[in-house]
Amino acid sequence: MIRIILFTTLLAIVFFVVERYFVTPWLHPDWKILLLFFLSISFLTHRLVETGLQANQERFIPLFMAATVARLILGLTFVGFFLFRHVEQRRAFILDFLVLYICYTGFEIWALTRNLRRDS
């Protein structure tokens, strides 16, 4: 879990520097909300899988897949809510959301395969 917090902190620093010192049409003003959303979703999915694995180690794959589907559904709901509220700069919002979604998914897959190599 500490890796996710460090990853989010690194992304927040990068976004802050880019927002502060560069003119970027692709960076949405609500990037802090997006990062907070992805941090909370990562925390929830991590806790879901960790709690489920305490009872039975063989349930890892179904739990991880359920967590991935939950992340997708919650992400679509999140984007739908903001689009329903008529957020400004829709393209930038969706682009930032998709980039962060791919970054967090890739980071979790990297962390997972790193742990699997060590355990095998």
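Are H1 and H2 roughly parallel or roughly antiparallel to each other? The model is a predicted one. In it, the axes of H1 and H2 lie 11 Å apart and the helices pack at an angle of about 175°. Angles over 145 degrees count as roughly antiparallel, and H1 and H2 are therefore roughly antiparallel to each other.

**The H1–H2 contact**

From H1, the residues that meet H2 are Ile 4, Ile 5, Thr 8, Leu 11, Ala 12, Phe 15, Phe 16 and Glu 19. On the H2 side they meet Trp 31, Lys 32, Leu 35, Leu 39 and Ser 42. By class, this contact holds nine nonpolar, two polar and two charged residues.

**The core**

The largest nonpolar core has 22 residues. Leu 35, Phe 38, Phe 78, Phe 93, Phe 97, Leu 100 and Tyr 104 have the most contacts inside it. Four helices each supply at least two residues of this core: H1 (2-21), H2 (31-55), H3 (60-84) and H4 (90-119). Leu 35 also takes part in the contact of H1 with H2.

Phe 97 has contacts well beyond its sequence neighbours within four places. Its partners there are Leu 34, Phe 37, Phe 38, Gly 75, Phe 78 and Val 79.

**Aromatic pairs**

The whole structure contains 16 aromatic pairs. Two of them are set out below.

| Pair | Centre to centre | Angle between planes | Geometry |
|---|---|---|---|
| Phe 7 and Tyr 104 | 5.2 Å | 85° | edge-to-face |
| Phe 38 and Tyr 101 | 6.3 Å | 65° | edge-to-face |

Both pairs link distant parts of the chain. Phe 7 is in helix H1 and Tyr 104 in helix H4, 97 residues apart. Phe 38 is in helix H2 and Tyr 101 in helix H4, 63 residues apart.

Phe 7 and Tyr 104 are both buried. Phe 38 has 1% relative accessibility, so Phe 38 counts as buried. Tyr 101 has a relative accessible area of 19% and is buried too; the cut-off is under 20%.

Ring pairs also join up into a cluster. Its members are Phe 7, Phe 37, Phe 38, Phe 78, Phe 81, Phe 82, Phe 93, Phe 97, Tyr 101, Tyr 104, Phe 107 and Trp 110.

**A buried glutamate**

Glu 108 is in helix H4. Its relative accessibility is 14%, so Glu 108 counts as buried. Leaving aside neighbours within four places in sequence, Glu 108 is in contact with Ile 4, Ser 42, Thr 45 and Arg 71.

Note on methods: Residues numbered from 1 in each chain as written. Predicted model: local features only at pLDDT ≥ 70, side-chain atom pairs only at ≥ 80, totals over all residues. Heavy atoms only, no water. Core = buried A, V, L, I, M, F, W, Y, C linked by side-chain atoms within 4.5 Å. Buried < 20%, exposed > 50% of the residue type's maximum accessible area, 1.4 Å probe, protein only. Contact = heavy atoms within 4.5 Å. Phe/Tyr/Trp six-rings, centres within 6.5 Å; stacked < 30°, edge-to-face > 60°. Axes fitted to C-alpha atoms, helices over the stretch in contact; angles between N-to-C directions. Parallel < 35°, antiparallel > 145°, perpendicular 65-115°, else oblique. Nonpolar A, V, L, I, M, F, W, Y, C, P; charged D, E, K, R; others polar.
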